[in-house]
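Please open the structure in your viewer and keep the selection tool at hand.

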Amino acid sequence: MGRPRGFDEQAVTAAAAGLFAGRAYDGVSVDDLVQQLGVHRNSLYKTFGSKRGLYLAALRWHLEHRLPSLTEQLAAGAAVADDPTLDLLLLAAVERAPSDVEVAALVAKAWQTLDQALQRAPATPADPPASTALNALLGERLRARAATASAGPS
Amino acid sequence: MATVRVDGDDLVVEIEGMDRLWSLKSRLVIPLANVRGATADPGIAAEPKGLRAPGTSVPGVITAGTFHQDGERVFWNIRDGARAVVIELADERYARLVVEVADPAATVALIEQAVPR
């Protein structure tokens, strides 16, 4: 049916993950995607079905290809708070997960992977006590909010 | 302008007012199983539409009816396209529908929630 795709789906998906990590979902228009990914509009729709379809593919690609090296570092006890690998996941948790069951499930799975990596990590020498409680609070709120889509209708 | 609603297992797209004359169609019923997704896409109005048959096209005023491009059949019903929503289909007469709706974000949310995946 129609023309062959004529583009590297993996590369486009990876580039989309980069775009979505840097800007709000609604801030990325189809015009932006067409221009920055260098793919024809019709091909985008044909391949991914919708902007959401491309977003889900990008998020899945990111979790499969980018998250593992981060979890390895975490398990080895490295500090990764400055690592931008978490950005797409954070944006997904804040923006999309509360209203998109599919995104909520992917985000929950990623949290689980990160939790497990942290459990394998060697015990850290005395956390700085001042920031720990706030960090925990922010993290807990983030996770609670991202889980609302999977918990039931809002 | 079109209204999009979910009726049981179907997506129903109804063309309103005079626009149904221009597009020679007043109603499309698509099983939800054949709906791949929906996207608000005001920029699509600027894209080439391909060959029209049958329907109406007055550039800058109205694009309505069936258009053929790259071996695909696409149903258009837009005026300026600012509120265009693209509905991608599978195993249907049309590869996709490009219709103008009152509230693109609400229409996209409706379709995304209705389409299982």
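Begin by selecting chain A, whose secondary structure comes to nine helices and zero strands. Here helices (H or I, at least four residues) and strands (E, at least two) are DSSP runs, numbered from the N terminus. The model is a predicted one, in which local features need pLDDT of at least 70 and side-chain atom pairs count only at pLDDT 80 or more, while totals for chains, interfaces and linings use all residues. Residues are numbered from 1 along each chain as its sequence is written, and chains are lettered from A and ligands numbered from 1 in the order in which they are written.

Along the sequence, chain A reads α-α-α-α-α-α-α-α-α. Of its 154 residues, 29% are buried. A residue is buried if 20 or more other C-beta atoms lie within 10 Å of its own, exposed if 12 or fewer, and partly exposed in between, with C-beta atoms placed from the backbone. Two residues are in contact if their C-beta atoms, placed in that way, lie within 7 Å. Among contacts in chain A between residues at least 6 apart in sequence, 69% join residues at least 24 apart.

**Helix H2 of chain A**

Select residues 30–37 of chain A, which form helix H2. Which residues of this helix are buried? They are A:Val30, A:Leu33 and A:Leu37. Seen down the axis of H2(A), the buried residues fall within an arc of 55 degrees (the arc of the directions from the helix axis to the C-beta atoms), so they line one face of the helix. Their cover includes helices H1 (9–22), H3 (41–48) and H4 (51–65) of chain A, together with E4 of chain B. Just after H2(A), A:Gly38 has a positive phi of about 65 degrees.

**Helices H5 and H7 of chain A**

Next, select residues 67–75 (H5) and 101–120 (H7) of chain A, whose axes come within 7 Å and cross at roughly 25 degrees. Axes are lines fitted to C-alpha atoms, for helices over the stretch in contact, and angles run from 0 to 180 degrees between N-to-C directions. The crossing makes H5(A) roughly parallel to H7(A); angles under 35 degrees count as roughly parallel, over 145 as roughly antiparallel, 65 to 115 as roughly perpendicular and the rest as oblique.

On the H5(A) side, A:Leu67, A:Thr71, A:Leu74 and A:Ala75 meet residues of H7(A), among them A:Ala110 and A:Leu114. The residues of this contact divide into seven nonpolar, two polar and one charged. Ala, Val, Leu, Ile, Met, Phe, Trp, Tyr, Cys and Pro count as nonpolar, Asp, Glu, Lys and Arg as charged, and the others, Gly among them, as polar.

Remaining in helix H7 of chain A, select A:Leu106. This residue is buried, with 21 other C-beta atoms within 10 Å. Not counting residues up to four places away in sequence, A:Leu106 touches A:Leu59, A:Arg60 and A:Leu63.

**Where chain B meets chain A**

Now display both chains: 16 residues of chain B are in contact with 15 residues of chain A. On the chain B side, strands E4 (35–40) and E8 (84–89) each supply at least two residues. E4(B) gives the most, with four residues. The chain B residues on this side divide into three nonpolar, four polar and nine charged.

**Two loops of chain B**

Finally, select B:Asp70, in the loop between strands E6 (62–69) and E7 (72–78) of chain B. Its phi is near 50 degrees, a positive value in a residue other than glycine. Then select B:Asp91, in the loop between E8 and strand E9 (96–100) of chain B. B:Asp91 is exposed, with 7 other C-beta atoms within 10 Å.
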